[in-house]
Amino acid sequence: MSESPPSLARSESDEPSADVLRMEKLFQAVVANDQSTIERLIEEDRGLADWKNLLGDLHSLGQQTRGGAEVAGLLPSGAERIFGRYRLQEELGRGGMGVVYRAWQADLSRPVAIKMILGGQLSSDEQVRRFQAEAQLAAQVRHPQIVTIHEVGEIDGQHFYAMEYVDGIGLDRYLAENRVEAEEAVRLLIPVIRAVQHLHERNIIHRDLKPANLILDRERRLHVADFGLATLLNPDTRQTLSGTVLGTPAYMSPEQAAGKVKELSPAADVYSLGAILYQMLAGRKVFDDESPALLLLQVIEREPQPVMAFNPRVPRRLWWIVRRCLEKDPHRRYPNAGELADDLERFLRDDSVVAGKDAWSQEIVRFLRRHRTVMYRLAAIGTALLVVLARMCEAPEYAAFYRPVVVDIVAWGLLVVLWDVLGQRRPAQRDLTSTATTFTDVVVLTHILWLTQAVDGPVVSLYHIVISAAGLSLRPRRVWLAVGASLIAYGLLMLQPPEEGMIRLPHLSILYALSLIVCGAISSSHARRLALLTIADKTP
Amino acid sequence: MSGGSTTFQDRLARARRGEASARDELFASCRSFVGLCARAQLEQKLRRKVDASDLVQQSLLDAHRGFERFRGSTPDEWMAWLRRIVSNNALDLIRHHVQADARAVSRERPLEGGPETSTVAFNPFEPAARQETPSQVLMGMERHLELAAAIEQLSEDHREVVYLRNVLGLPFDEVATRMERSRGAVQMLWMRALETLRSNLARESRP
């Protein structure tokens, strides 16, 4: 440390001095960890020896602050990120088990992506086994649209594989900022679908196709990245479902979402491809919900909205193809990616596509599925209407008494349909419209009870049904709204004098009010439990 | 150098026993480092200069609050832990203020792996995997903290050039654009900044 520092140029000229250039070279060599250049530079100018440490420390500090210095736990932070013959440059992604780096392969002078098991040498034998199986399977696949595996290996106990690095951005990020015309979307996606066909022909199911796993390169070609991640790193979907992190089920086939692992077939990938195409065409996901539990239920139960509702320029024939991919029943989908690609090519050539208009029976099934909840409600309301009408026929002398009730019931049905239509038009406000439906139930029911003075009869138990139905939304808050509204309504009805000759026992009314609260507690705890099961981990 | 880690171990042990002063010392010594992390984390993503002071505050606060959840024992684990907290907060910040489709992105919760996972903040309080390979550690924590503090004490121009060129690792052309000066001027500035930095460090290391 006592050595005098090297003389440094102090000229004010704009031309970089030789000292600056030497220092810059040294810094670059230090960053690249190029020992021979470092030695040569120091030999040329002994004074630089001193600077080497400072520059190295600064670089190390930079790595430490920029992040990504720990290689899956193998390299302590602050250390050089040299990994065998690779130089790790940047972390590209990280998940429950794997981490992917962009790296430079020095001997072949090419960029690569390196994937390792998170946790380094601490990973269990089972993890290592899966990881190797994944790598080996991936290495067998050769297709221009699937990232190529260069090397599978182990360095210092760290299992890794090196693969082709595709310079581009994830389709998810691309779609967040760009719209794609219908035909272009099809043209972009067909090569990827052919690549998945290539997998299917080798009896491999990808199982985790989603925009984030597709990379759009600078020539606007899509590549399947992270191939096999879901298939082999995590061959047991049930484990994912019960695990702490539930993935986004937005692109997951209904059979996967339902955890029916044994039923998985290439048609599961067809569903995911259809969901990706849907998003490219519509500019939104097939299903979307902040609650993973509700999203899961939508995937399993709900019929997707026609793409044309969001993008009227999409041709109907293309929608038929997408719809066929998104069928709930895997047997109704294209059996594999190849047939889907064929049909899309037929669409581009303007030939008639295989996916056609549905039979009317299937249309009805879809219609009922799309309006599932409203149909149940209408069925109940319709039954009530029939009962009242039957009573009117049986006892015509009461017709005048029941007429306003009939009006109420019809209005009930119409309002329920109205809320449903509004909810379908504006999915973002579905929360609002279904709350409105609950309130409609309470208000109309209360009005009918008021008109018929039936609060002391069995019909009053319908409030329990309203509360239970609110529980189907899986939102405890909605249940308590229903409970609150029902209690107020019941209180109002209590203002009515009891029927002549009847005595209303106050403790029975209190008991009834309590039973509404208990019903709400049960419903909301059901809802909360279901939601808890699927809450993803949250950062503290 | 060896004193650095014992000071750290000692402070950590005392802080864990509940000594508030030791905990304060621990955090005070890391302030400059957290500041550098905050800027680096933000600017890597945003590619422009940003005011990182809120991020520094928030991260130090989080680290303070979550101190019990730090389960590591080595200086490296400590720094990695701090950086991860900064990094998570930075991601949140970026998500909230910059990304156009912020809500859609944060709602994505991938199964695992994949480039999408970069949007998933993982738990910073997880213990870091302990894989000490001492030969590969080029530099101790004390040196990191010392350097970070020394950089903070430089004049503004000097601090900026060292930060952009050495810490963030930008090429001179980019440094010149960001500082709105010619490339040659920036290189000269860099040279002087390094000299100052070195002499400051040398002065401090002398008793």
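I started with burial in chain A: of its 540 residues, 42% count as buried. A reminder to myself that this is a predicted model.

Next I looked up the secondary structure, and chain A comes to 20 helices and 9 strands. I also checked how far apart in sequence the contacting residues are. Among chain A contacts between residues at least 6 apart in sequence, 64% join residues at least 24 apart.

Then I went to the largest nonpolar core, which has 80 residues. I noted I114(A), L273(A) and V322(A) as the residues with the most contacts inside this core. Which helix gives the most to this core? I found helix α10 of chain A, residues 266-282, with 12 residues. Domain 2 (82-164) and domain 3 (169-366) of chain A both give residues to the core, so I place the core between them.

I picked out I114(A) and listed its contacts, leaving aside neighbours within four places in sequence. The partners are Y86(A), L88(A), V100(A), Y101(A), A103(A), F160(A) and A162(A). Apart from this core I found another one, of 59 residues, and F27(A), A40(B), A80(B) and A148(B) are among them.

Last stop was R284(A), in the loop between α10 and α11 (292-301) of chain A.

Technical notes: Residues numbered from 1 in each chain as written. Chains lettered and ligands numbered in written order. Predicted model: local features only at pLDDT ≥ 70, side-chain atom pairs only at ≥ 80, totals over all residues. Core = buried A, V, L, I, M, F, W, Y, C linked by C-beta atoms within 7 Å. Buried ≥ 20, exposed ≤ 12 C-beta atoms within 10 Å, placed from the backbone. Helix = DSSP H or I, 4+ residues; strand = E, 2+ residues; numbered from the N terminus. Domains from an automatic or database assignment. Contact = placed C-beta atoms within 7 Å.
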